[in-house]
Every structure is written in structure tokens, then in C-alpha cells.
Amino acid sequence: MAYLERDRLDERTRNRLDSLIKKSRKNYWRGKRAFDLIVTGIILLISILPIGIIALIVFIDDPHGSPFFKQVRIGRHGKPFNMYKFRTMYVDAEKRKKELMELNEMDGPVFKIKDDPRITRLGKVLRKLSVDELPQFFNVFVGNMSLVGPRPPLPEEVAQYTDYQKLRLIVTPGITCDWQIHKNRNDVSFDEWVEMDLNYIENRSAWGDLKIVFKTPFAMLEGTGR
């Protein structure tokens with residue numbers, strides 16, 4: 001694992017890493033990938049028309065950019081990949097981020113504010129219902145994401161990670177996870193979020209993944225996304 005040098009890890013991080021690796025099971029990962037392909041294939045087949053309609057509405061709401069947003073995220077073992085979403089922000093959003101950093105409502109390296117002025121009118125609705133993440137099923141289909149797994153961070157966030165926090169990168173990131181279905185997830189501290197991810201990795205199972213997938217639509221309907 002190039003992003004982690006085991007010999008330089010402190011005892012707590014090294015012990016947790018050993019525990020996470022010990023629980024890895026090839027049969028589980030084969031089954032997980034098969035499940036991802038089957039479910040994602042069905043969802044994409046059903047969602048082709050809705051994706052097209054939403055893309056058109058996004059473009060009409062703000063025609064100054066593509067309805068789709070491509071962003072570099074960090075995946076398994078610290079490898080970067082392009083993640084896709086519906087665009088929910090104005091085209092100059094990344095440039096304006098520095099101006100808003102002092103308003104960040106999350107601790108740790110994650111950036112979120114409740115009334116982000118960079119978000120479009122339609123974007124607020126898409127985010128609230130987590131519909132903006134629908135194009136990520138393409139990422140799952142090609143294999144750089146999974147249906148269930150820790151959310152993929154930004155490169156600048158990972159640059160601020162401790163070695164312990166980097167352990168959440170030991171698996172393929174996902175569309176949904178324990179944090180995603182947690183009530184009032186935006187009030188969870190980053191350290192708690194990391195522990196939720198590591199506990200998932202350590203205790204991962206097909207049944208556990210199914211429960212998270214089943215609970216995700218209900219979490220979306222609660223409209224707590226930001």
C-alpha cells in the first residue's frame with residue numbers, strides 16, 4: 001500500500017490495519033463485485049430516461065455549464081479517479097471555495113456549509129434528496145466505486161488525513177455507507193465518521209451491505225442531504 005508505510009505507523013494505526021487486512025475475504029469481494037454489476041446494470045437500464053430528463057432540467061436551470069460534474073476523488077489504496085455527479089453548483093464553485101472556508105460547519109478536512117451560496121436552485125433539491133449522486137452508478141459499473149463503502153474523499157482532504165484516517169482508503173469507496181444512512185449525518189464529527197467507516201470495513205458482510213442498501217432510499221426520502 002503505497003499511501004501507507006507500515007513501518008512508520010504508530011502502534012494504534014498498525015494494529016487496526018492488521019485487523020482490517022485479517023478480515024479481508026476473497027469470496028466476499030467476488031460476490032460484492034457481482035452484486036454491484038447486477039444491481040447497477042438494472043438501475044442504469046431503468047434510469048436512462050430519468051437521468052436524461054434530470055440532465056436537461058439541470059441545463060435549463062443553469063445553462064452555463066455541463067449538467068454533469070466530473071471531479072477527481074481518491075479511491076482504493078489512495079488511487080485517484082474521476083467521479084461523476086449531476087452539477088448542483090454554479091460553474092465557478094471551486095474558485096469560490098477558498099472565500100467560504102471560514103464558514104465550514106464540519107470538523108476535520110471535510111467542507112460543508114448549510115446554505116452554500118454556490119449551489120443552484122435545482123441543486124438544493126437534488127442534494128437534499130441525494131439524487132445528484134445518481135451518475136455515480138456509472139462509476140460502480142466500471143469498478144472504481146462500489147454500491148457500499150466509505151465515501152470517496154477529495155485529494156485536498158486526503159492530504160490532511162492522519163495515517164489512521166487513511167485506513168478508510170483500504171477498500172473501494174461507495175455510493176452509500178453507514179454515515180450516509182445515519183440520521184443527521186452532517187452533525188457527525190469527522191473522527192466518528194472515520195470510525196464508522198473502519199467498523200464497516202472490519203465487519204463487512206453481504207448481509208450488512210444489503211441492510212445499508214435497503215436503508216438508503218429511506219434516508220434519501222428524509223431529505224437530510226447537504
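## Confidence of the model

The chain has an average pLDDT of 89, and 97% of its residues score at least 70; pLDDT is the predictor's confidence in each residue, from 0 to 100. This is a predicted model, in which local features need pLDDT of at least 70 and side-chain atom pairs count only at pLDDT 80 or more, while totals for chains, interfaces and linings use all residues. Residues are numbered from 1 along each chain as its sequence is written, and side-chain values use heavy atoms, with hydrogens and water left out.

Among the elements of the chain, β3 has the highest mean pLDDT (97) and α3 the lowest (79). Helices (H or I, at least four residues) and strands (E, at least two) are DSSP runs, numbered from the N terminus. Where pLDDT is low, the predicted coordinates should not be read in detail.

## The nonpolar core

A nonpolar core is a set of buried Ala, Val, Leu, Ile, Met, Phe, Trp, Tyr and Cys residues joined through side-chain atoms within 4.5 Å. Buried means under 20% relative accessible area, exposed means over 50%, and partly exposed lies in between (1.4 Å probe, protein chains only). The largest core holds 46 residues, of which Phe86, Leu167, Ile170, Trp193, Leu198 and Ile201 touch the most other members. Elements that each supply at least two residues of this core include α1 (11-22), α2 (26-61), β2 (80-86), α7 and α8 (206-221). The largest share, seven residues, comes from α7. In soluble globular proteins, nonpolar side chains tend to be buried together.

Leaving out residues up to four places away in sequence, Leu198 touches Arg16, Leu20, Tyr164, Leu167 and Arg168. Contact here means heavy atoms within 4.5 Å.

The expected span of a helix is 1.5 Å times one less than its number of residues. At Ser47, α2 bends by about 55°, and the proline Pro50 follows within four residues. The bend at a residue is the angle between axes fitted to the seven residues ending there and the seven starting there. Buried residues of α2 include Tyr28, Lys32, Leu44, Ser47 and Val58.

For α8, the 16 residues should span 22 Å, and the end C-alpha atoms are 24 Å apart, which agrees. α8 has a kink of about 30° at Lys215, shortly before Pro217. Asp209, Ile212, Thr216 and Ala219 of α8 are buried, and what covers the buried residues of this helix includes α2, β3, β4 and α7.

## Residues in loops

Gln180 is in the loop between β4 (174-176) and α7 (190-202). With a relative accessible area of 5%, Gln180 is buried. Not counting residues up to four places away in sequence, Gln180 touches Ser130, Glu133, Arg151, Ile175, Arg185 and Ala219. Ser130 lies in the loop between α4 and α5 and counts as buried at 10% relative accessibility. Phi of Ser130 is positive, near 60°.

His77 also has a positive phi, about 60°, although it is not a glycine. Most residues other than glycine have a negative phi. His77 lies in the loop between β1 (68-74) and β2 and is partly exposed, at 28% relative accessibility.

Val91 lies in the loop between β2 and α3 (93-100), and counts as exposed at 54% relative accessibility. Apart from neighbours within four places in sequence, Val91 is in contact with Asp62, His64 and Gly65.
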